[in-house]
Amino acid sequence: MKARTLAALLAAACLTLFLAAPVASAGTKPTPLIDPSLNAALALAQTDPVPVIISAPGHITQLRQVLGDTGTVPLTVVHGVAARLTPAEIASVAKLPYVKALVPDAPVVSADYVSSMDITNLTIGLGQLPAPWQGGPTGTGVTVAIIDSGIAEHPDLGGKSPSRLLAFVDFTKGKKHPYDDAGHGTFVAGLIAGDGSASLPTDEGGLATQQFRGVAPGADIVALKVLNKFGEGRASDVIAAIQWAIQHKDEYNIRVLNISVGGDIPGPTVDDPMAQAVEAAWKAGIVVVCAAGNEGAFGPGGVLSPGNDPYVITVGALDTKQTATTADDTVCTYSSEGPTLYDEFAKPDLVAPGNRLISLRAPASYIDRTWPENRIPVSSYITDPPANLKPQYFKLSGTSTAAPVVAGIAALMLQEDPTLTPDDVKARLMASANPVPGAPALAEGAGAVDAPAALAADLRSSGYDLSADLGNGSTILPPDVLVQWAKYSWTKYSWTKYSWTKYSWTKYSWTKYSWTKYSWTTLINGQ
Ligand SMILES: [Ca+2]
């Protein structure tokens, strides 16, 4: 009997499909009763009521009786009723014969594409680019490998079906299933490739007045876990991860490698295995983006390894002052300054927002449990949020958060022009950066990253523009080679060596370094 019932149901389902087909083929797409933009709100709300407007021409009174008058608002001018309904109630109401449509009752205070952007994306100029749905760049087709503490499940990375997570490799414990016991790698991944699903703005059918999405929300990612839950790891694991990225570059189209991890500089880069590893990645065609470190108080010489390597793009932290205008921006006092120890290379190469950035929260991870006050309250970006909505975002500072912003921009550049070499990407990023007023060159490098300008740049690297082979250390750029960037005069700062006599090196206490461990370059709270 059961089988027979099932067969009857299946037959009915097939019939429905069959009947639907001619409608679709006729090109007149049936209007769904529940507006598709409501689905995002329903997915977030789970079982909580969400505000909706129900269209029921001629049946407003009847509908309000069904819903119960309390809390419903008749909207006679549009032949509808405003109410707060649970997803189950919405499903029931949609079955009423006189109901024509259900749409979200969106807050009207927000929010177009630009006004819902967070400070980070506004600061780097993404508001000047077309929105993703208008054909703006998203990094689609470009893979960014992230050497960090792993990756946790998050709606902005595809939830339980993270289709853009192409691979996860755990160099610490060899686990197969993606995880992030520290919470750091997930945060970094969100800044690069989070798509903002959990903070979808109202004009995209969500509930949020502000969206926290990554710079390249369409990019694919590979997560290489080298840090433990406390954010510590060994150089050998980082090197093994870099090696893995090089070996699998073509398989996953890995074009960018983000390393928001730093450690002590053991000596000149020519003798440093970490530097040799990142150079090998660079030469294999991978844009390597490294955090400069948070050793600003150390003064010159505070750039960490592997950000000390001359090839890679080394990123310092910009303080946006939590305003969209760049006029008040400064380089964070904690951001590491060049020149580098031993080699005296000019570093960092540029700066990007890196103070109090908001990105993905990895619930129950080490940083989430240790600093719960850094969770972003849902009520700060969703008006009148559903009660059971848990915080999805977190706040961190440091050059760890600045590097992924640049890695995301690199992904956008490579989507638009896959023929760019790592040298081209670096030259364009630096030539188009905006000098930060008052900032020392050895703190800001070429200046603050500018995404639209980098995307519009058309220069190609040539000669000694950082692509020069520094080789075995005996072919350092000749002292008379100077680099003139478009927006910044580097005549004072050749890409060669700095004079030892300019700095007093005696003040550096070598004992502050442990020499063994690499760790994240994050500050929990900024300045
Ligand atoms: Ca600002």
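In the predicted model, Leu 33 lies in the loop that connects helix 1 (2-25) to helix 2 (36-45). Leu 33 is classed as partly exposed because 16 C-beta neighbours fall inside 10 Å.

The average pLDDT of the protein is 81, and 81% of the residues score at least 70. Residues 1-30 remain under 50, and the model has 3 contacts for them beyond four places in sequence. The pLDDT is also below 50 over residues 463-516, a stretch with 62 contacts in the model beyond near neighbours in sequence. Where pLDDT is low, the predicted coordinates should not be read in detail.

An open sheet is formed by 4 strands in the order 2-3-1-4, with antiparallel pairing. The edge positions are taken by strand 2 (73-75) and strand 4 (101-104); each has a single partner strand, so one side of each lacks a neighbour in the sheet. From one strand to the next, the twist averages 30 degrees. Strand 2 and strand 3 (residues 80-85) run antiparallel and are joined by 3 bridges. Within this pairing, Pro 74 has Val 81 of strand 3 as its bridge partner. Helix 3 (residues 60-67) packs on the sheet and touches strand 1 (50-55), strand 2 and strand 3. The direction of helix 3 makes about 15 degrees with that of strand 3.

A helix pair was also examined. Helix 6 (residues 184-193) packs with helix 11 (residues 399-416) at an angle of about 30 degrees, and their axes are 8 Å apart. The crossing of the two helices is right-handed. Helix 6 contributes Val 188, Leu 191 and Ile 192 to the contact, while helix 11 contributes Ser 400, Thr 401, Pro 404, Val 405, Ala 407 and Gly 408. By class, the residues of this contact comprise 6 nonpolar, 3 polar and no charged.

The peptide bond from Ser 305 to Pro 306 is cis, with omega near 10 degrees. Pro 306 belongs to the loop between strand 11 (287-291) and strand 12 (313-319). Gly 338 and Pro 339 are likewise joined by a cis peptide bond, for which omega is about 0 degrees. Pro 339 occurs in the loop between strand 13 (330-331) and strand 14 (350-353).

Positive phi values are found at two residues that are not glycine, Arg 356 and Asp 384. For Arg 356, phi is about 55 degrees, and the residue sits in the loop between strand 14 and strand 15 (357-360). Arg 356 is buried, because 20 other C-beta atoms lie within 10 Å. The phi of Asp 384 is also about 55 degrees. Asp 384 is placed in the loop between helix 10 (366-370) and strand 16 (393-396). Asp 384 counts as exposed, because it has 11 C-beta neighbours inside 10 Å.

Technical notes. Residues are numbered from 1 along each chain as its sequence is written. This is a predicted model: local features need pLDDT of at least 70, side-chain atom pairs count only at pLDDT 80 or more; totals for chains, interfaces and linings use all residues. pLDDT is the predictor's confidence in each residue, from 0 to 100. Two residues are in contact if their C-beta atoms, placed from the backbone, lie within 7 Å. Two strands pair if DSSP finds at least two bridges between them. Axes are lines fitted to C-alpha atoms, for helices over the stretch in contact, and angles run from 0 to 180 degrees between N-to-C directions. A residue is buried if 20 or more other C-beta atoms lie within 10 Å of its own, exposed if 12 or fewer, and partly exposed in between; C-beta atoms are placed from the backbone. A crossing is left-handed if the near helix is turned anticlockwise from the far one by less than a right angle, and right-handed if clockwise. Ala, Val, Leu, Ile, Met, Phe, Trp, Tyr, Cys and Pro count as nonpolar, Asp, Glu, Lys and Arg as charged, and the others, Gly among them, as polar.
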